[in-house]
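I'm keeping a notebook on this one, an entry for each thing I look up. Here is the structure I have open.

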Amino acid sequence: MNSGRAVFGLRIGSSAAAGALLLAGATFNGSGRTGWGSVLAALSGFAAVAAGVFYRSWRMSVPVAGATLVFTLLIAQLNPRQGDLVLQVLGLALLGAGGAIGGVAYRNFVSTIERQGRDLQQKHRAFLAATSDAESTPPADMVALTSSIARQVGADLACCYLVSSDATQFVPQVPGVGLDGLHALAVNRSPGKGPGGDGLLLAAVESGRTYSGQGNGALKELFTFLPEGLLMGGTLAAPMPIGDRVGGFILLGSRVGAFSDDDRRLATTLTLRAAAQLANAHAIALSRMESARYALMNQLVKEASGKTMEEALDLVLERGTQVVHYDAGRSVLFHPDQEVEEPLTRVRSGETVLRNAVTEEQSTFSGLRLETHAVTVNEALIPIRGTTGVIGALCLGRRGTSSFSQHDLGALDELGSMAGLAVENSRILQVVSGQASRLDVALDALGEVSQALTTVTQGARVLEQKTLEAAVRVTAATAGLITRTTDGGHQAVIISAGLPAEVDGMAFQNGQGLMGAVMLSQRATAVADLDSSPDLASPPDLRAWGVQAAICTPMLEEGQLWGTLSVFDDKKREWTADDQRVLATLGSQGVVAVRNAELYEKNERSIWELRNLQEALQAATSTLDLNQVLQQVLAGAAKASSAQIGCLALEDGGRLVLKGGFGTDHATAEKLALELGGDICRRVMESGEPVMEARVQVSKAESPLNPRAVLCVPITLRGKPLGVVFLANYQLGHAFTSDHRNLVTELATQAAVAIDNARLFKDREDVIFQSLVALANTSDARDRYTAGHSQRVTQYSLMIAKHMNYAPQDQAAWVRLERGGRLHDIGKIGVPDAVLRKTGKLTEEEFEKMKEHTTVGYNILSALKMLTDELVIVRSHHERYDGKGYPDRKKGDELPIFAWIVSAADAIDAMTSDRPYRKGMSLEVALEQVRDGAGTHFHPDVAEAVLDAAHVGTLRIVPQESLHPDAPKIGAFENPVA
């Protein structure tokens with residue numbers, strides 16, 4: 001900057017000096033001149049100045065200067081009086097010096113202005129080149145970019161060199177500009193001398209500097225041969241930075257001369273812009289490739305979702321042709337202990353193996369076979385890398401001469417990366433899906449137990465089972481159990497899953513095994529390997545059951561140990577904090593749910609027991625039939641106590657007599673209560689106190705005669721025992737409780753009144769019935785020929801009914817049948833003796849009078865509410881099945897079966913008994929009459945039963961004394977009318 005100012009000052013000084021000299025010279029030259037002499041002096045002065053200006057051209061300036069001097073001397077000779085000649089000559093000299101100095105200054109000014117103009121034009125040209133439209137040339141067309149740079153810089157030769165894919169060489173991008181007859185080399189990037197150069201060009205490029213030189217020396221690094229006529233005046237090499245590395249350079253050459261600094265700057269600017277365009281184009285291409293890659297990868301991940309690793313790899317092979325061409329492909333997954341063949345061993349170590357022209361002796365892995373699919377097989381074996389290293393290989397195959405080369409490595413590695421990502425995503429998805437599944441299971445399990453807090457109707461046992469099943473399921477365990485604190489402070493197993501049945505009911509003390517440790521600490525205890533903690537492995541002997549890992553958490557109720565919840569695994573495992581947390585939550589909620597269910601069950605049980613008590617008492621007091629009352633009391637007691645067997649015995653004559661049984665037959669009930677339990681029953685009768693005890697079974701067999709639990713309660717009225725209710729359970733888990741004892745005791749106490757009332761009513765009924773029997777017997781006794789008839793009809797009726805299996809579960813029906821038979825002819829009390837005792841045939845009027853005994857008997861008995869079936873028998877025992885009987889002419893199903901039974905029995909006795917007017921028939925003849933009368937006189941079913949009973953011998957003639965052995969034989973059903 002300072003030198004420029006000095007030059008500028010020197011130029012100004014020279015101009016000033018020239019002016020001063022010209023002024024002084026003009027003054028001296030014109031001194032003393034007047035008129036035409038001044039004009040001549042001026043002309044000579046101008047000539048002197050011109051001679052000074054053009055002093056460099058001496059051939060012109062010397063003659064002009066001489067002419068000026070001669071002219072001045074001539075003027076002085078012609079007019080000697082006009083001034084001093086010396087001064088005038090001095091003035092001419094000064095004018096010539098001033099002209100010389102002024103000319104030099106002018107020429108310097110002009111040269112400077114011209115040079116600056118040229119510089120300005122160069123800068124303008126560089127500006128226009130640097131700011132020209134960048135879109136005019138496609139960024140990927142390096143030939144066009146190179147040509148454009150050469151044109152704007154003014155180069156005669158140009159070529160672009162780009163870094164190779166392996167970054168080891170600069171590769172020329174032919175054809176370039178002006179390279180006719182030249183062969184550009186791909187040169188190594190390591191700085192060094194080329195075939196004939198000094199290596200300065202590549203060194204400058206590698207360092208990021210623009211190289212500028214003269215001559216052909218630098219070109220020898222880049223070309224194998226330079227023609228003799230090729231002479232370069234200047235050479236430029238501008239580096240192309242792409243990112244933080246050199247991506248290539250532009251070589252420029254000029255035949256005219258060396259490149260100026262402006263040329264160098266312009267070339268550098270244009271090359272930088274080309275590098276930026278190339279970098280952008282490369283970035284866009286990479287972005288598109290990445291987008292395509294990610295699109296393909298996203299598609300793979302999406303389609304591989306939920307698939308196994310093998311399925312995911314098959315999908316990669318299916319889509320992989322979008323990345324690199326191949327004809328067939330297979331995938332191989334390596335296992336830790338798996339041995340593989342030699343090529344795959346190299347792949348397992350992380351190497352991509354290219355196998356071209358595989359021979360017949362060599363194995364192929366891609367699925368292609370020489371003899372089947374192609375003449376030549378080429379393979380690429382690509383490692384599949386996961387987070388743990390190489391986990392497998394992609395084996396790709398090509399047919400024919402299309403082999404795999406080094407140029408395919410990038411695409412092959414890309415495909416291997418996709419396969420690794422797909423496999424890892426599949427693996428992660430499986431893990432996440434497993435975790436999500438476990439989370440869903442945990443939430444479902446907690447939801448089930450939480451719902452159970454308000455849904456207590458499922459029962460405590462069901463909730464215990466649900467809690468245990470949820471714990472095993474949510475922790476992915478193989479077994480589990482729940483214990484509960486006993487009255488003695490121990491822990492007893494109440495439910496288990498996945499363990500032998502022998503574990504149920506086991507009890508553990510404090511400090512014994514895993515459950516005992518939790519009892520002491522009241523904190524969760526997790527064991528990853530029971531072999532390393534033998535003190536926690538027993539009792540119970542978990543390892544003997546194949547358990548390797550266990551976790552146990554306390555189940556607390558209001559701060560007190562309610563029980564424990566344990567889960568087990570058949571393999572060693574580390575229990576997570578989530579396992580402990582979920583297990584603790586299940587345990588806490590499980591306790592609340594079970595306790596609520598137990599309270600609900602207890603309340604429901606109390607309500608059920610009270611309802612049973614009410615129903616039993618209501619049923620017992622709803623009838624005055626002693627047998628029904630006793631049966632209702634016994635059934636109510638058995639139901640209220642959940643007893644399996646029940647017996648009711650009443651005191652009769654100083655000893656207990658079984659009156660009813662429940663859950664077994666009469667003989668078994670009698671043996672159980674009065675023989676096996678006789679001591680207990682007598683103790684209860686003597687003390688008036690109930691007895692409840694558990695019994696040691698004589699044998700392991702479950703039998704009513706081998707009870708596990710017994711409850712005997714007195715039936716007491718006004719402090720006096722009337723009898724006992726004896727209840728028993730013979731199956732495991734059916735014990736009686738104090739609630740059962742209290743409930744049955746209350747029932748027996750209140751039922752005692754109903755039993756006493758029923759006994760009194762029965763005694764009253766017995767008195768009435770005996771009176772009626774006496775009246776019926778009196779009626780029979782009025783006619784000595786029919787004496788004993790009612791007893792025989794009763795016996796025949798019972799024989800027929802037994803053979804018909806009549807009312808097997810209704811003892812009262814048999815009582816009513818027997819009563820009906822005894823009373824069926826009580827109406828004969830109203831038949832006159834003349835008719836009743838007549839030995840001959842009856843007249844029509846007499847027979848009608850005899851038939852009235854059915855209605856008379858009915859009218860006598862109908863006022864007694866204790867009689868039901870008996871009234872039907874009394875009124876209808878002379879009806880016929882075809883409706884021709886009397887008194888109501890009823891037929892078929894209009895009468896109950898017991899009426900038809902007594903009707904048949906009455907006919908049998910009538911046919912087989914002697915009368916004054918006819919001889920009694922034999923049983924065989926009577927049976928023929930029954931057979932003939934089936935469906936007309938007799939009910940078909942009853943007739944069939946009579947015949948069958950007689951055939952098997954259960955129906956026989958009841959013996960009687962004949963008063964008319966000589967009576968004639970007549971038809972069985974002829975009216976004895978004269």
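**Entry 1: ground rules.** I take contact to mean heavy atoms within 4.5 Å. This is a predicted model, so I note that local features need pLDDT of at least 70 and side-chain atom pairs count only at pLDDT 80 or more, while totals for chains, interfaces and linings use all residues. Residues are numbered from 1 along each chain as its sequence is written, and side-chain values use heavy atoms, with hydrogens and water left out.

**Entry 2: valine 946.** Which residues does valine 946 touch, not counting residues up to four places away in sequence? I found Ile800, Ile908, Leu927, Val930 and Leu955 on its list.

**Entry 3: the cores.** For a nonpolar core I collect buried Ala, Val, Leu, Ile, Met, Phe, Trp, Tyr and Cys residues joined through side-chain atoms within 4.5 Å. Buried means under 20% relative accessible area, exposed means over 50%, and partly exposed is in between (1.4 Å probe, protein chains only). The largest nonpolar core has 36 residues, and Ile800, Val946 and Leu955 have the most contacts inside it. At least two residues of this core come from each of α18 (789–803), α19, α24 (897–912), α25 (923–933) and α26 (940–952). The helix that gives the most is α24, with 10 residues. Another core lies apart from it, with 25 residues, including Leu630, Leu634, Val713 and Leu747.

**Entry 4: the whole chain.** Helices (H or I, at least four residues) and strands (E, at least two) are DSSP runs, numbered from the N terminus. I get 26 helices and 21 strands for the protein chain. It has 978 residues, and 43% of them count as buried. I also looked at contacts between residues at least 6 apart in sequence: 63% of these join residues at least 24 apart.

**Entry 5: the loop between α18 and α19.** Methionine 804 sits in this loop. Is methionine 804 buried, exposed or partly exposed? It counts as partly exposed, because its relative accessibility is 25%. Leaving aside neighbours within four places in sequence, methionine 804 is in contact with Ile897, Ile901, Asp941, Val942 and Ala945.

Entry 6: A reminder to myself: most residues other than glycine have a negative phi, and most peptide bonds are trans. Glutamine 522 has a positive phi as well, near 55°. I found glutamine 522 in the loop between α12 (513–521) and β14, and it is partly exposed because its relative accessible area is 33%. Then come the prolines. Serine 538 and proline 539 are joined by a cis peptide bond with omega about -5°. The bond from proline 539 to proline 540 is cis, with omega near -15°.

**Entry 7: cysteines.** How many disulfides are there? With a disulfide being a pair of cysteine sulfur atoms within 2.5 Å, the count comes to 0. Cysteine 159 is in no disulfide, and its nearest cysteine sulfur, that of cysteine 160, is 7.0 Å away. Cysteine 159 counts as buried because its relative accessibility is 0%. Cysteine 712 is in no disulfide either; the sulfur of cysteine 681 is the nearest, 4.0 Å away. Cysteine 712 also has 0% relative accessibility, so it counts as buried.

**Entry 8: asparagine 729.** Asparagine 729 lies in strand β21 (residues 720–729). Its relative accessibility is 1%, so asparagine 729 counts as buried. Neighbours within four places in sequence aside, its contacts are Ser642, Ala643, Gln644, Pro707, Arg708, Ala709, His734 and Phe736.
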